[in-house]
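Reader: Could you walk me through this one? I'd like to hear what sits behind the labels.

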Amino acid sequence: MTEFIQITVGGVLVGAIYALIALGFSLVYRVTNVINLTQGAFCILGALSTYMLEVEFGWGLPAAAGASIVAITLIGMLVGAGAFVPGLSRLSNANMLMMTAGMLTLLEGLMLVVWGSQPYAPPPFMGMEPVHVFGVLVPTQGFWIIGTTCAIITVLWYLLARTTFGKALRACAENPAAATLMGINVSRMQVFSIALAAMIGAIAGVVTAPTTSIQFDTGRLFTISGFIAVAIGGISSFPGAIAGGLLLGIVTQLATAYVSSLFSGAIALGLLLVVLIWRPNGLIRAGTQRRQDVRDEPRVWKHVTRLQPRVRTVMAMIGLALAIALPLFVPEGGIMSSLVIAGILFIALMGLDVVMGYAGQVNLGQAGFMAIGGYTAGYLATQYDVAPVWGTLAGMALSLVAALALSLITLRLRGLYLALATLAFGLLMDSCAVGLADITGGPSGLVGIPSFAIGPFDFGSPVAMYYLVLGLLVALMLLLGGLIRSSFGRALQAIRTDQMAAAALGINVVRCKLIALSISAILASLAGSLYAFFFHFLSPDMVGTSRSLELVAMLVIGGEGTLVGALFGAVLLTLLPTVFQPLAQWKTFASGGLLVLSFLYMPEGIFGSFARWVAARFNKPAKISTSPVVSHV
Amino acid sequence: MMLECRGITAGYNGSPVLEKIDISIGEGEIVTLVGANGAGKSTLVNAISGLLRPMSGEIHFDGKRIDQLSPADRVRMGIAHVPEGRQVFAGMTVAENLSLGAYTQSSRSVSDLRSGRMRELCDQYPFLRERINDVVGNFSGGQQQMLAIARGLMSNPRLIMLDEPSLGLSPLMVQEVLNLVTQLRERGLSVLLSEQNARAALAIADRGYVIENGRVTLSGKASDLLDSPEIAERYLGVGAATRFSQEESKRMAASLRDCIGPATDSPVPGVRMS
């Protein structure tokens, strides 16, 4: 029993961290209706800068903590004013979520450059000796964590519920235009909410850092845990955020203690999926219910430039000729391999584009299907000598089953919760890849996977693989291109624009989404298998959640809803680190920055901009109908 | 004149909706903007309240130029805008909505001032007091409209602009809203009333402007406009003289009349067919 209580206390301490991050999410969400994924990075920034000032510069703890918290608040203000608030008027909610993922990467990159990749362990505030409370050992830092959490909750509650300022903050989320008419400066309020959330994050980071070891990308874990906590508890209520955080902390700690540390993640995600099915709006409802008939309308309509068939064919021919000739000019080695990787990832990206670009369904778990495909093919090949082709097909079949199971949950969800459910799926695959060590080789990976081969033909060399992937891509491009131009493709685009109107027109929304997700899953699985065969090795972080986010980044940078666009993103993000090898530690920073910039200034992506340029030059002007608007009454 | 707009051109994404509009509102006047859906009435009101920056032209309030000021500054100067579709803060209570209306009134005695004005408004509209702590999202359209107007009054304005206050309300409720507008004038406020219900709006207004395709096509005393034969045709929205011939609009008006009801009497309340 004591042991149980001991573990629960540990869970409460971990949960308090999650709760504080969840509070930051909830705060920003309630002012802007957007989840700000940078929240976790603010924690780590706060913790690392305090460590630097305290331990390396020898400032006292209060001075170091105070200075860092002020600095992080200013950084939050900068992020808010420079990227977040400008984005609000230009991007849809789903793209805002992705842009904040980009900002998270940007901040992580910054920390990597400043502090390197080694872990840090900041000292506790008041000694290492834990205190006995009724026979339970509580680390001294625990009191700081609990005290700080309570203080922040109280102050925040008072601020939002009791002050005019808080009402104004809430008014911005309710109805920005009406808030403006009341004389509220909406964008200043939005910037302020980010800064306040950053401050909460920094305080949380400073206080909790001594209980764990931190490095530049720990923020990602904090963000994901906070995101899960807020989804379990309910996004638009503070008690929900806190309850979700504590519950998540206790459950993961108990699971680690009594089941296995490898499965604690999977159990937390299972909890999340159950909550999403049972209560899609979280366990605790907001005191003030939002009207359900008000739809989450995109603020911005995206226009995708289409090329005329003649122009398209010419461009495709030129592109194909270039692709075939390319190995003649590129030396065998790093760059060739990178091109193969980009091509393989592009297979998964075409699937992602069908789901995200055409059907408008956010998918943050695409790499999960890559994992299924990669591990299935790899396992069958290493253990049972199954031919690569059959292994690949088996992986695709398994992915299809997984996609159908996932769709049981996701079909009912939209927007934020859809993003979350797919993210949870990806994380679940992550923890299975780690946990099922007998099949996957666990954290160290599956080794000894053979090269891809069809009968006697072995695709061992990068050049052979290059042409195999190129052939597959051409075939898939023709297939999907035709599919997208069929009535099915138009139905998907109708769903993206307005799901309700699409249903009213007689489009079977459920079936269309199901088919789109299945196509996407099969292609991701194929990519995953090829990836494993190409590397002869597969580890969980090669097909983990970071990969999922990277895929989305590639898609957006390249151009959503264009099918070919993602290729540009894939080549760019794969080649950059290879070409700039000496600047490798700037890679994270650069790709985050690139993502944020392309969201803000090139929302149609590289290919979209290119297509607009080509269209302006080569498309013939369309005939404008001159018939009267009203022809009869 | 209290408010003067000179040569306002305004629109969205670089394409103008309004072209060179001139209007003015005097102290204690009810001025109505009449026009079909899409004529540009709301665009004009948004330009005056600052939700939209005009592309060219000047807006003067009390002799001061205001078109470069922020919406907040304009609220402080005494311009309140009750937007189209009410736009109450649906997830908040009546009290919270009202106190946000007085957001710009930040003086030290602010809470006294607020509660004072809130009490005053509650005396006028008893339902506000009855439901002061209820979340307003589930109120009826009429109640939300009343609340939106009350919220606008919280900032103690001298000019209140009501954009389509009768939208989606029952005829009885429309009458109540319009009665309220005349009461506002009695209290010394100037009112800019943008309405599709031309007859009803002109009946209570002092002056009116007819807006069509982004231009003022008719203006004058409300009583004169009411008798104008052009109003009926223009108000139906089929008389866009630029596009259709006289015959065609007559034919369309006739078929519209057939659609709506018996051909003997006027199909739309308050619109006389010529």
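Author: Let's start with a strand pairing: Val31(B) has Leu192(B) in β8(B) as its bridge partner. Bear in mind that this is a predicted model, where local features need pLDDT of at least 70, side-chain atom pairs count only at pLDDT 80 or more, and totals for chains, interfaces and linings use all residues. Residues are numbered from 1 along each chain as its sequence is written, while chains are lettered from A and ligands numbered from 1 in the order in which they are written.

Reader: What makes β3 of chain B and β8(B) a pair?

Author: Two strands pair if DSSP finds at least two bridges between them. Five bridges join β3 (residues 30-34) of chain B to β8(B), and they run parallel, so they count as paired. Strands themselves are DSSP runs of E with at least two residues, helices are runs of H or I with at least four, and both are numbered from the N terminus.

Reader: Which bridges tie β7 of chain B to β8(B), and how do the two strands run?

Author: There are five bridges between β7 (residues 159-163) of chain B and β8(B), again parallel. In one of them, Leu159(B) partners Ser190(B).

Reader: What makes β8 of chain B mostly covered?

Author: A residue is buried if 20 or more other C-beta atoms lie within 10 Å of its own, exposed if 12 or fewer, and partly exposed in between, with C-beta atoms placed from the backbone. In β8 (residues 190-195) of chain B, six of six residues are buried. Ser190(B), Leu192(B) and Ser194(B) point one way, Val191(B), Leu193(B) and Glu195(B) the other. In a regular strand the side chains alternate between the two faces of the sheet.

Reader: How do you know which residues Leu349(A) contacts?

Author: Contact requires C-beta atoms, placed from the backbone, within 7 Å. Leaving aside neighbours within four places in sequence, Leu349(A) contacts Leu551(A), Met554(A), Leu555(A), Ala566(A) and Ala570(A).

Reader: Where do the domains of chain A lie?

Author: Domain 1 is 24-216, domain 2 is 230-284 and domain 3 is 311-618, with bounds from an automatic or database domain assignment. The C-alpha centres of domain 1 and domain 3 of chain A are 33 Å apart.

Notes: Two residues are in contact if their C-beta atoms, placed from the backbone, lie within 7 Å.
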